[in-house]
Amino acid sequence: KGSLLASRSGFLEVSICESSFLALERGLKAFVRYVPRDVVKMMLTGSMEVGSVMVRKVVSIMFADIAGFSTLCEQILSEELVLLMTQYLQSMCEAIVHSKGTLDKFIGDCIMALWNAPRSVKGYQ
């Protein structure tokens, strides 16, 4: 019965559940870095149907990129570029989430974000 024994719990099934739960927790923590926490909660509780309902509404969309990025890439070391981009993208993402925006995607050095979708935000303009 050694195959039924697992790391902490002593039972394989409990260990599998524990591992799955911890993986889900890590995934949600990563997801919340890019999607507002309340949107994630709405998706998890079922109060927001993902992808099945389309509503016409006014939204604000932002595309932001670094002017002269290609030239900059040619002038600095790759390690410096990674540090610069990490700081830039992290700061931008924090500002977007803080202002109740939703990060849509990264396109190279460009960030696309939107406000008033997928959830309505009063005074977003």
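Predicted model: local features only at pLDDT ≥ 70, side-chain atom pairs only at ≥ 80, totals over all residues.

**The sheet and its surroundings**

How many of the six residues of S3 are buried? Six of the six are, so S3 is largely enclosed by the rest of the structure. You can follow this on each face in turn. Cys110, Met112 and Leu114 are buried on one side of S3, and Ile111, Ala113 and Trp115 are buried on the other, so both faces of the strand are covered. As a general point, side chains in a regular strand alternate between the two faces of the sheet.

Now for the neighbours of S3 within the sheet. Three strands form an open sheet, in the order S1-S3-S2, with antiparallel pairing. Strand S1 (60–64) and S2 are the edge strands, each pairing on one side only. From one strand to the next, the twist averages 15°. In general, the strands of a sheet pair through backbone hydrogen bonds, either parallel or antiparallel.

Take the S1 side to begin with. S1 and S3 run antiparallel and are joined by five bridges. Two pairs are handy for finding your way along them: Ser60 has Trp115 of S3 as its bridge partner, while Ile61 is partnered by Leu114 of S3. Both of these S3 residues have already come up: Leu114 is among the buried residues on one side of the strand, and Trp115 is among those on the other.

On the S2 side, strand S2 (residues 102–107) pairs with strand S3 (residues 110–115), again in the antiparallel sense and over five bridges. Here the bridge partner of Ile107 is Cys110 in S3, and that of Phe106 is Ile111 in S3. S2 and S3 form a hairpin with two residues between them. Look at Gly108 in that turn, which has a positive phi of about 65°.

What lies across the sheet? Helix H4 (residues 78–98) lies across S1, S2 and S3. Its direction is at about 5° to S3, an angle that counts as roughly parallel. Between H4 and S2 there is a loop, and Lys100 has its place there. Like Gly108, Lys100 has a positive phi of about 65°, although Lys100 is not a glycine.

From the N terminus on, they run α-α-β-α-α-β-β, and the secondary structure comes to four helices and three strands. The axes of helix H1 (residues 12–32) and helix H2 (residues 37–45) come within 9 Å and cross at roughly 135°. That makes H1 oblique to H2. Leu28, Phe31 and Val32 make the contact from H1, and Arg37, Val40, Met43 and Leu44 make it from H2. By class, this contact has six nonpolar residues, one charged residue and no polar ones.

Leaving aside neighbours within four places in sequence, Val40 is in contact with Leu28, Phe31, Val32 and Val35. Val40 and Leu28 are 12 residues apart in sequence, and their C-alpha atoms are 8.2 Å apart in space.

Finally, zoom out to the whole protein. Buried residues make up 26% of its 125 residues, and all six residues of S3 are buried. Of the contacts between residues at least 6 apart in sequence, 49% join residues at least 24 apart. The accessible surface comes to about 9,300 Å², with 61% belonging to carbon and sulfur atoms.

Definitions and conventions: Residues numbered from 1 in each chain as written. Heavy atoms only, no water. Buried < 20%, exposed > 50% of the residue type's maximum accessible area, 1.4 Å probe, protein only. Contact = heavy atoms within 4.5 Å. Areas by Shrake-Rupley, 256 points an atom, 1.4 Å probe, with all protein chains shown as cover. Axes fitted to C-alpha atoms, helices over the stretch in contact; angles between N-to-C directions. Parallel < 35°, antiparallel > 145°, perpendicular 65-115°, else oblique. Nonpolar A, V, L, I, M, F, W, Y, C, P; charged D, E, K, R; others polar. Pairing = 2+ DSSP bridges.
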